[in-house]
Amino acid sequence: MLVLHQDGSGWGWLPMMPKATVKLIVTGDDFGYCPRRNQGIVECFLAGAVSNVSLLVNGSAVSDAVQLAKRHRIPIGLHANLSEGSPVCPALKEKSSLLNADGFLHGKMGIRAALAEGCLNLSEVKQELTAQVELFRELTGHLPFHMDGHQHVHVLPEIRHIFAQVLEEYGITYTRIPIEPDLPRCDWIDPPLMAFYRSVEKDSLDTVDVFRKHHIRWPDIYIGLSTMGKNMSLVKILGAIDNAMAAYLAEEKPAVPGSSSLGYDPEVKTITIELMTHPGYPSVPPVGGCGEGPDDFSQSWERLHELETLKNPELQRHYKARNIELCAFQHLEM
């Protein structure tokens, strides 16, 4: 079988290892953010376009999301949120280092600034993460099958240690390490956004050893930064998968040391990939959000663009042609 690969001279075809089985987890993030986001994610799941969801327990439509997950048997994990809206821990709702002057969580860049300035009380970080795991269990009746961080907060300095402790204490095996192998060559990403992504990757690389010490695992390959929002297309999704696979097989080891596989076996190999997505119908204010209304990201047409791209039957046909099997974190070996 041939796979599409991009190098310095352009696109070309390379042979895929015939005995490599690829398990692809397509995660719909921000489940529970608003009813329209929930609707879009469920449509994707029922169409076989999304295989896993990540729940915001402080989302305004979290109860609706949980009922939908139960009804349709959607594999569900926790999207730990320390950056948007309101905390779920009662003791932290009014006075906490996690809150800004308006009484809400600091925001995507605000939490990074507060952390850099030494303004976050790490015991309150653990208190809130623990409260979110407990609320998830109360809502769903079970612990998360996986747990990652909204806006990648789980790989931030210092927070990464607290996050790892919480996962180990609860026995939550899987998380996400947002390091995308082909990201530096993605020249379609706007420079400010690329700068943010590169900072996330640096934090992620610094997180690997921390998570390994706590026996936390993650898929062999992560993609989703280069295919987010308006940048998502069938060609870019397949290109990201193929380029990452080519790099992985060439190195004969996981793209990120400590990931779910222990090394490339030329005879028999299962490679795991997570594709992070944010499909849905755009939020309509004032409905949605995590306590302070929906943000611009949720209201954007880009949510619908992701939904339509992921549901494209042509993408499903390409998965089958590449021997790619969609699955969820709960289906991976523990």
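This report describes the helix packing, the aromatic rings and some backbone details of one predicted protein model.

The model is predicted, so local features need pLDDT of at least 70 and side-chain atom pairs count only at pLDDT 80 or more, while totals for chains, interfaces and linings use all residues. Residues are numbered from 1 along each chain as its sequence is written, and side-chain values use heavy atoms, with hydrogens and water left out.

**Overall make-up**

The protein chain holds 10 helices and nine strands. Helices (H or I, at least four residues) and strands (E, at least two) are DSSP runs, numbered from the N terminus. Of its 334 residues, 57% count as buried; buried means under 20% relative accessible area, exposed over 50%, and partly exposed in between, with a 1.4 Å probe and protein chains only. Among contacts (heavy atoms within 4.5 Å) with a separation of 6 or more, 76% join residues 24 or more positions apart.

**Helix packing**

Two helix pairs are set out below. Axes are lines fitted to C-alpha atoms, for helices over the stretch in contact, and angles run from 0 to 180 degrees between N-to-C directions.

| Pair | Angle | Axes |
|---|---|---|
| H1 (35–46) and H2 (62–72) | about 15° | 10 Å apart |
| H5 and H6 (191–213) | roughly 40° | within 10 Å |

The angle makes H5 oblique to H6, whereas H1 and H2 are roughly parallel to each other. Angles under 35 degrees count as roughly parallel, over 145 as roughly antiparallel, 65 to 115 as roughly perpendicular and the rest as oblique. The crossing of H1 and H2 is right-handed, and the crossing of H5 and H6 is right-handed too. A crossing is right-handed if the near helix is turned clockwise from the far one by less than a right angle, and left-handed if anticlockwise.

On the H1 side, the contact with H2 is made by Pro35, Asn38, Val42, Phe45 and Leu46. H2 contributes Asp64, Ala65, Leu68 and His72. In the other pair, Arg160, His161, Phe163 and Ala164 of H5 meet Asp203, Asp206, Thr207, Val210 and Phe211 of H6.

**Aromatic rings and charges**

Rings of Phe, Tyr and Trp (its six-membered ring) pair if their centres lie within 6.5 Å; planes under 30 degrees apart count as stacked, over 60 as edge-to-face and the rest as tilted. By this rule there are four aromatic pairs. One of them joins phenylalanine 196 and tyrosine 197, a tilted pair with 6.3 Å centre to centre and 50° between the planes. Both phenylalanine 196 and tyrosine 197 are buried. Phe163, Phe211 and Trp218 form one aromatic cluster.

A charge sits over a ring if NZ of Lys or CZ of Arg is within 6 Å of the ring centre and within 35 degrees of the ring normal. Lysine 108 lies over the face of phenylalanine 196, at 4.5 Å from the ring centre. The charged end of arginine 303 is placed over the ring of phenylalanine 297, 3.9 Å from its centre.

**Backbone details**

Glutamine 151 has a phi near 60°, a positive value in a residue other than glycine, and histidine 152 also has a phi near 60°. Glutamine 151 is found in the loop between strand E6 (147–149) and helix H5 (159–170), and histidine 152 lies in the loop between E6 and H5. Histidine 152 counts as buried because its relative accessibility is 7%.

Proline 285 and proline 286 are joined by a cis peptide bond, with omega about 5°. Proline 286 lies in the loop between strand E8 (269–277) and helix H8 (296–299).
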